[in-house]
Amino acid sequence: MIKDKMMMGAMSIVAALALGACNADPSPSDAPTDMDEQMDENMGENSDEMNDQMDENMDGEDGHMMNHSGSGDVPDELQEAQDPTYEVGEQAIIETDHMSGMQGAEATIAGAYDTTVYVVSYTPEGGDPVEDHKWVIHEELEDAPEEPYAAGDEVVLDADHMEGMDGASATIDSAEQTTVYMIDFTTTDTEEEVTNHKWVTEDELAPVE
């Protein structure tokens, strides 16, 4: 009788251990749930990375895309600089951040011109207002007179540095007579090759040490 009770007790313990082991192992129905959760997590991380990359590719001026590279064409009336600090073909360090990856990059001078440069505010077609855009030169304004404009003047843009810029009405925020440069460089963040970028001013460049 005692032996029978002991046997039954031992069988109960074995059964309990076996049931616990079964509950500890993930069932087949749990596996897809774990896989789905992992896929969702990975997709979320990838989505964040894609969004970060898209943000880096935006100019930062209210989300409007900058045309980083240009054709190299300049207005016929634009005068080449007679005695620029940086000659065409020379290198200089960029000390401005018009776009991501620009500041600190080494640039090659592709063109140097004496003109009036403007900081302008405008609203691109179908877009949000852009404040204090640098730079537009005098020769990139429609029907520009010989005399430069002054702060507060209303103009029409004849440039395509940014999407929706060409043909937009703008207000002159400031004007400066200086040498402007068209440059080639490689961005420091994405190693994008940028050619004929317009424009940087003389005080936005520094000598290569």
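Is Trp 199 buried or exposed? Trp 199 counts as buried because its relative accessibility is 0%, where buried means under 20% relative accessible area, exposed over 50% and partly exposed in between, with a 1.4 Å probe and protein chains only. The model is predicted, so local features need pLDDT of at least 70 and side-chain atom pairs count only at pLDDT 80 or more, while totals for chains, interfaces and linings use all residues. Residues are numbered from 1 along each chain as its sequence is written, and side-chain values use heavy atoms, with hydrogens and water left out.

Three aromatic pairs are present in the structure; rings of Phe, Tyr and Trp (its six-membered ring) pair if their centres lie within 6.5 Å, and planes under 30 degrees apart count as stacked, over 60 as edge-to-face and the rest as tilted. Two of them, including their geometry, are listed here.

| Pair | Centre to centre | Angle between planes | Class |
|---|---|---|---|
| Tyr 86 and Tyr 181 | 5.8 Å | 75 degrees | edge-to-face |
| Tyr 113 and Trp 199 | 5.9 Å | 85 degrees | edge-to-face |

Tyr 86, in the loop between strand S1 (79-80) and strand S2 (91-94), and Tyr 181, in strand S6, are 95 residues apart, and both residues are buried. Tyr 113 lies in strand S3 (residues 106-122) and Trp 199 in strand S7 (residues 193-201), so this pair ties together parts 86 residues apart in sequence. Tyr 113 is buried, with a relative accessible area of 8%.

Asp 166, by contrast, is partly exposed at 49% relative accessibility and is found in the loop between strand S5 (154-156) and strand S6 (169-186).

Technical notes:
Helix = DSSP H or I, 4+ residues; strand = E, 2+ residues; numbered from the N terminus.
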